[in-house]
Amino acid sequence: MINHELEAIVGREYVTRPEADRAIYSVDIYWPPRLLIDRGKLPPLPDVVVQPGSVEETSAVVKLANLYHIPVTPWGGGSGSQGGIMPVYGGISLDLKRLNKIIEINEISGTVTAQGGINGYELENALNAAGWTLPHYPASVHSATLGGYLACRGSGTVSTKYGKAEDMVLSMQVVLPNGDVIRTLPVPNHAAGPGILQLFVGAEGSYGIISEATMRLERLPEVRRFRSFLFPDMHNGLEAGRNIMLDRLQPLVIRLYDERSTIKTVRRVLGQDVSSGYYMVIGFDGFEDIVSAQERRAYSICEQYGAEDLGEEAGRNWWEHRYDFYFPPKVLDFPWMFGTLDTVTTFDKLETLYWAKKEALEERYKEWDLFYYAHFSHWYLWGVMAYDRFIIENPPEDPDDALALHDEVWDLAVKVNLEYGGVINEHHGVGLKLARHVRGQYGAAFQVLEGLKDTLDPYNLLNPGKMGFG
């Protein structure tokens with residue numbers, strides 16, 4: 001009966017039931033479901049996939065789900081790494097990619113209003129053609145959607161200057177768990193009571209489905225330039241980056257690689273072998289005269305901290321190939337076990353956190369030859385993100401043993417993050433992977449988030465099993 005009612009809302013061709021098609025909606029970049037498929041098993045599948053073509057159809061599907069108490073898992077581009085799209089209780093996977101229209105490019109205010117299912121790469125191309133950019137360039141840009149940017153509080157490559165997705169959004173249209181459609185206030189900054197907008201940013205569909213958003217834009221820059229340096233040690237590299245930020249020189253990007261990453265990166269970018277050092281790429285963009293002034297001061301700071309100038313070509317090469325390692329054949333993949341453990345903390349705690357996590361993981365999992373490496377990117381005026389990863393090249397063959405090892409590694413990494421002043425994640429989101437750690441991160445404050453969930457979604461229908469809501 002429910003399938004016929006769904007077909008009446010969106011049309012028969014937009015309701016999908018074959019198992020092979022449904023299996024697609026259980027897998028993103030999260031390692032466990034990919035392991036299960038690699039081992040000949042299936043992760044939890046949705047009972048049906050529905051593709052609404054408008055906010056009205058989205059609302060109607062959610063209202064129908066309320067009537068029958070059916071779970072609904074929003075699905076954007078499927079490019080997440082945290083299992084946020086896994087339908088752990090079955091139900092409806094709500095594929096939003098038909099909500100893909102640009103509603104308005106406002107030249108006066110410098111904004112774009114678009115539907116939540118629009119592909120990020122297609123949106124950026126349309127904006128570039130009009131002389132604008134949405135300066136959110138995640139590695140997932142070719143598959144991620146605008147709603148996905150916001151649902152996971154994502155960072156792009158140039159967030160150090162332009163901010164994260166959450167800093168670019170002005171207002172949103174949201175479908176609530178009961179199917180009501182709301183709009184937040186037309187501006188994000190006001191004193192008209194508490195802000196509602198940011199309740200839905202980062203909630204990963206648990207409080208509502210982002211069906212439309214208005215984002216601030218930037219004019220395309222006159223110039224965009226990059227340079228690279230080699231520092232003698234991590235401390236000096238981090239100190240250089242910290243002072244560039246505190247002097248408000250507005251770098252487009254600062255990316256400092258640890259020693260293990262440096263050896264690989266310098267060989268790849270420069271074709272040179274190095275046995276030690278910490279590689280940094282710095283970029284600036286904007287008007288040529290302003291960029292030149294910012295570069296002079298920033299590069300002077302790097303020299304003060306003992307950096308060797310490697311020139312512009314290496315920096316430009318990094319920018320032009322920054323996405324290469326997120327696609328085959330260079331992307332991390334099976335048979336390896338791997339994960340991105342990213343966190344963020346204040347400048348005073350970062351080095352201690354990095355070394356503590358590196359030592360804890362490599363010592364605890366020495367028998368598995370765990371390989372730990374990191375770079376530091378997404379800088380703030382108060383701190384910086386550690387984009388760190390682990391690799392185990394020969395994990396257990398048995399899927400239960402492999403999943404247990406995977407979760408143990410993550411549990412230890414999160415424990416170190418929280419113990420040393422970090423958070424469970426900086427920009428990949430929570431999803432299913434980190435759901436069990438959210439309560440520990442927030443402590444008594446979690447009752448605020450839980451109270452909102454209980455009020456907005458008393459039947460726990462929107463994306464259940466995520467964000468620590470059960």
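Analyst: What follows takes a helix, a cavity and the cysteines in turn. This is a predicted model, where local features need pLDDT of at least 70 and side-chain atom pairs count only at pLDDT 80 or more, while totals for chains, interfaces and linings use all residues. Residues are numbered from 1 along each chain as its sequence is written, and side-chain values use heavy atoms, with hydrogens and water left out.

User: Which residues of α5 are buried?

Analyst: Buried means under 20% relative accessible area, exposed over 50%, and partly exposed in between (1.4 Å probe, protein chains only). In α5, Gly 120, Leu 123, Glu 124 and Leu 127 are buried. They lie on the same side of α5, because they cover an arc of only 95° around the axis, taken from the directions from the helix axis to the C-beta atoms. Glu 122 and Ala 129 are exposed on the other side of α5.

User: Which residues line the largest cavity?

Analyst: A cavity is a set of points on a 1 Å grid over the protein atoms alone where a 1.4 Å probe fits but cannot get out; lining residues have an atom within 4 Å of a point. Here the lining is Gly 120, Leu 123, Glu 124, Leu 134, His 136 and Tyr 149. Helix α5 (residues 120-129) gives the largest share, 3 residues.

User: How many disulfides does the structure hold?

Analyst: A disulfide is a covalent bond between the sulfur atoms of two cysteines. The criterion is a pair of cysteine sulfur atoms within 2.5 Å, and the structure holds 0 disulfides. Cys 302 is buried at 0% relative accessible area, whereas Cys 152 is partly exposed at 28%.

Terms used
1 Å grid on protein atoms, 1.4 Å probe; cavity = no way out; pocket = protein on both sides within 12 Å on 5 of 7 lines; lining within 4 Å. Helix = DSSP H or I, 4+ residues; strand = E, 2+ residues; numbered from the N terminus.
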